[in-house]
Amino acid sequence: MWHAFCMDADPPESQQVCRRVAAFFADTRPALRSPPRRSLEAEYSRFAAGDFSPADSSIIAGSGTLGTQDMGGLHNTVAGALTALCAWVSAAAGTSSLDSVVLPPPAVPGAAVQPYVKVTARTFALAHVHVIDGTGAAELADRTIVIQDGKIVSVGSSADALPPDATVLDLSGRTLIPGLVGMHDHMYYIARPNLDAAAHSEPPLVVPQMTFSAPRLYLANGVTTLRTTGSVEPYADLNVKHMIDAGSLPGPHIDVTGPYLEGAHSSFIQMHQLKDADDARRTVAFWADQGATSFKAYMNITRAQLKAAIDEAHRRGFKITGHLCAVTYPEAAALGIDDLEHGFFVNTQLDPGKAPDVCPDTAGGPTLLAMDPDGPQAADLIKTLVAHHVAVTSTLPVFEQRVPGHAPLWPRAMESLTPEAREAYLYLRNVTNTLPREQAQDRITAYQHDLALEHKFVAAGGLLLAGPDPTGNGGVVPGFGDLREVELLVEAGFSVEDAIKIATYNGAYYLGLSNRIGSIAPGRDADLVVLNGDPGRAITDIEKVEIVFKDGVGYDSAALLKSVRGRYGEY
């Protein structure tokens, strides 16, 4: 990431120094590989003050013309690189790394986007609306939010005077929340060829890309920023992101995760299987150069491969998450991973017969069943994750599908499925609902354990993120699944305000974008969701998305949903 910042250094010779200094810091300062904010800011302050040794200067300068400069000349040249480096350091410190990439300057909606635009005024006010601001604070009643040029100008009483040129939208009876930040939001669907009512299918698993339907479904349901959290067609994800950013397609802001970092014996024919640690490093480096801004390790990756991937991602200023199996949660934390996917469902540390670097067939089920949320093993695991600053992404909707008698898919979500996807969903739901009693009880217990562990993780100071993992059987649909995640967090015992914070502010904070998105406050981007109801009174009202604002442009949720009716599962 720092390569892009260094291109802005002036004079031109400072660009070379900028690149050398950034690489020097990343390679020689352990704090920068997974940087605590204070350590990195201290490093930058020291360097900016000119407090670096002749030996450091020699390493920074390297060979060539820069290496022949005297100390004073080198300091003068380095001074020209400091502004660019400051942007990079802020990025690595978690304040801005993805800012210009994930949240680029907004484009004017093009011809293909205009049919879905509902509000375009330069200055407007959302009047008489309830506000849940994303910080965890209590809901506010009868607020008016003024927005100008895509930014929130004020959040005040509805009695406050408004700008004379403001268009006023009376939102009485409605609630405003920040745009959701989906942290496990794929752009594909998993298909099982020739699936039958007994859940038998033929190999291989196929993963068709949902380039048309997924971005619209996310935006329609209030997801204004997302992380793809594993790409099967990364070039497609990168290109659709660029088209959305250019105003050519409707959709959210996107943090494109590179292709899955998977080891041998993958179940997915479309995934590259890493050969060794150097292959992992090269894969991260290649996709970072192509434009990926995050990475994800997958089930069969080994510890050596994961460590190489983590080090290369951190060297580039990016974060890496994982849906793990061969590597346990404590092992991944020790290696320096930033995030773990699927709550506590896929930790294999207590699975019987777990061998090093091998994913057991049990894939974490026995560990979750055995881990009493009130017991010492759970406390030790949570302490380890919090101490290593490892976030956890809750993906309750996809695991809800494994629980017999779980809530059926919402009618509006069902309408988005192709007939084939709808049939697959109903087949697999029926199989789950007819499981033998003992197996059904184990699934219920495991689900309850995960809910309790996620709650305890947050209580211990852990950073919980949210995303639905829209894959598999059609029961988790992009956007709809993100809303369902909020409902399930409330079922897990979180307050409505805290559940919304997990689904908005926490994701923004993890991405280093909380100074722009994830909460409702003056100066923030106008990424907002209008709900026709009050989730503070009835959490199911979060399903009633009416208008979604992204960069201050209001999108018609109903129109977007209509455009993809019957398409999810096809394209």
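Student: Where is the place of Thr 229?
Tutor: Helices (H or I, at least four residues) and strands (E, at least two) are DSSP runs, numbered from the N terminus. On that numbering, Thr 229 has its place in the loop between strand 8 and helix 8 (234-245).

Student: What should I know about this model before going on?
Tutor: Residues are numbered from 1 along each chain as its sequence is written, and side-chain values use heavy atoms, with hydrogens and water left out. Local features need pLDDT of at least 70, side-chain atom pairs count only at pLDDT 80 or more, and totals for chains, interfaces and linings use all residues, since this model is predicted.

Student: What is phi of Thr 229?
Tutor: Most residues other than glycine have a negative phi. Thr 229 isn't a glycine, yet its phi is positive, near 55°.

Student: How does Asp 142 count: buried, exposed or partly exposed?
Tutor: Asp 142 sits in strand 3 (residues 140-148). Asp 142 also has a positive phi, about 50°, without being a glycine. Its relative accessible area is 39%, so Asp 142 is partly exposed.

Student: Which peptide bond is cis, with omega near 0°?
Tutor: Most peptide bonds are trans. For this one, look in the loop between strand 7 and helix 7 (213-220), where Pro 204 lies. The cis bond runs from Pro 203 to Pro 204.

Student: How much space lies in the largest cavity?
Tutor: A cavity is a set of points on a 1 Å grid over the protein atoms alone where a 1.4 Å probe fits but cannot get out; lining residues have an atom within 4 Å of a point. The whole structure holds two cavities of 30 Å³ or more. The volume of the largest is about 140 Å³.

Student: Which element gives the most to the lining of the largest cavity?
Tutor: The lining has 15 residues, with Glu 400, Gln 401, Leu 409, Gly 475 and Arg 484 nearest the centre. Two elements give two or more residues: helix 14 (396-400) and helix 18 (480-491). The top giver, with three residues, is helix 18.

Student: Where does the largest share of the lining of the second largest cavity come from?
Tutor: This cavity has a volume of about 50 Å³, and its lining includes Leu 180, Val 181, Gly 182 and Asp 482. Here the elements giving two or more residues are strand 7 (180-182) and helix 18. The largest share, three residues, comes from strand 7.

Note on methods: 1 Å grid on protein atoms, 1.4 Å probe; cavity = no way out; pocket = protein on both sides within 12 Å on 5 of 7 lines; lining within 4 Å. Points joined across faces, edges and corners; volume = space filled by probe spheres on them. Buried < 20%, exposed > 50% of the residue type's maximum accessible area, 1.4 Å probe, protein only.
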